[in-house]
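Work through the two exercises below with the structure in view. Try each task before reading its solution.

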Amino acid sequence: MKKEKDRILLFIPAYNCEKQITRVLSQLDETVFRYVTEVIVVNNRSLDDTEKAVMDFKLFHWSMPIKLLRNKENYGLGGSHKVAFDYALKNGFDYVIVLHGDDQGDIHDILPVLKRRIYRAYDCVLGGRFMLESRLEGYSAFRTFGNIIFNFLYAAGIRQRVFDLGAGLNIYSTDMLKDRFYQRFPDDLTFNCCMLLALSFFHQTSRYFPISWREEDQVSNVKMASQAMRTLGLLARYVDCPTSIRGEYRDKFIESYEAEEIG
Ligand SMILES: Nc1nc2c(ncn2[C@@H]2O[C@H](COP(=O)(O)OP(=O)(O)O)[C@@H](O)[C@H]2O)c(=O)[nH]1
Ligand SMILES: [Mg+2]
């Protein structure tokens, strides 16, 4: 029997989102804290005032369990996941929720998953931007169409349904993460693609839930063409040789992903 209350960590990766991070933190209301035990904002060495925005928010909301971590180097989005997953494993959390710090998503979309404890039945439950019930704002038809094609290709490659190659709202069980199979995965934005391939290789269980996603004042750092090529390359490599998932995906070797606690 599982214990009644799960320890759930909310991980917010943040890079240059001084304008959005306060809005993201403002989403955290009493309902969210019914499920979330602690929040970590992992600042990936932003060049703007992201940290100050977080500290200011903390000052006015001192009773909220929010910690600010600063990566030792810029580790990318994938590397920031590694920092957060390690933190969750070291600190005895049962689950980690990922919510991007640039305010494109809404934490409330995951509440039904938490309320009905759907996450307990799977290794991970992933946000899908391209499901029937999903809501997209500020996405061109071209971009939506492109994503759907890529989802389809990945679905064929891993022989399961794919509704997103990596949205900014997901929940993972630390049980699945504990052997750190992801340690050599890419440190950039294609980290999530490898997580999908891993689902198939390691027989992890998953399901999708519909989310809303908006693009307003966010600056996407994704360079579409090169990202698309890399995404396809990862899939091709996996299909050609599935055991390559155990290999090295990074250009730059990093022994351990470290972050210091700022506040
Ligand atoms: N691009 C980028 N994003 C990072 C990095 N570290 C953390 N992030 C966060 O990762 C999330 C996704 O990045 P973003 O560029 O918005 O990608 P997109 O939303 O997929 O277009 C945002 O919340 C960023 O703040 C990094 O090194 N590069
Ligand atoms: Mg974004």
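The model is predicted: local features need pLDDT of at least 70, side-chain atom pairs count only at pLDDT 80 or more, and totals for chains, interfaces and linings use all residues. Residues are numbered from 1 along each chain as its sequence is written, while chains are lettered from A and ligands numbered from 1 in the order in which they are written.

**Exercise 1.** State in which order the eight strands form the open sheet, and find its edge strands.

Solution. 
1. Strands (E, at least two residues) and helices (H or I, at least four) are DSSP runs, numbered from the N terminus. Strands pair if DSSP finds at least two bridges between them.
2. The order is E8-E5-E7-E4-E1-E2-E3-E10, with mixed pairing.
3. Strand E8 (206-210) and strand E10 (259-261) are the edges, as each pairs on one side only.
4. Inside the sheet, E1 (residues 8-14) and E2 (residues 38-43) run parallel, joined by six bridges; Phe11 has Ile40 in E2 as its bridge partner.

**Exercise 2.** Describe how helix H6 (residues 141-158) packs with helix H9 (residues 224-240).

Solution. 
1. Their angle is about 10° and their axes are 10 Å apart. Axes are lines fitted to C-alpha atoms over the stretch in contact, and angles run from 0 to 180 degrees between N-to-C directions.
2. H6 is therefore roughly parallel to H9 (angles under 35 degrees count as such).
3. Phe150, Leu153, Tyr154 and Gly157 of H6 meet Thr231, Leu235, Tyr238 and Val239 of H9, contact meaning C-beta atoms, placed from the backbone, within 7 Å.

Definitions and conventions. Parallel < 35°, antiparallel > 145°, perpendicular 65-115°, else oblique. Contact = placed C-beta atoms within 7 Å.
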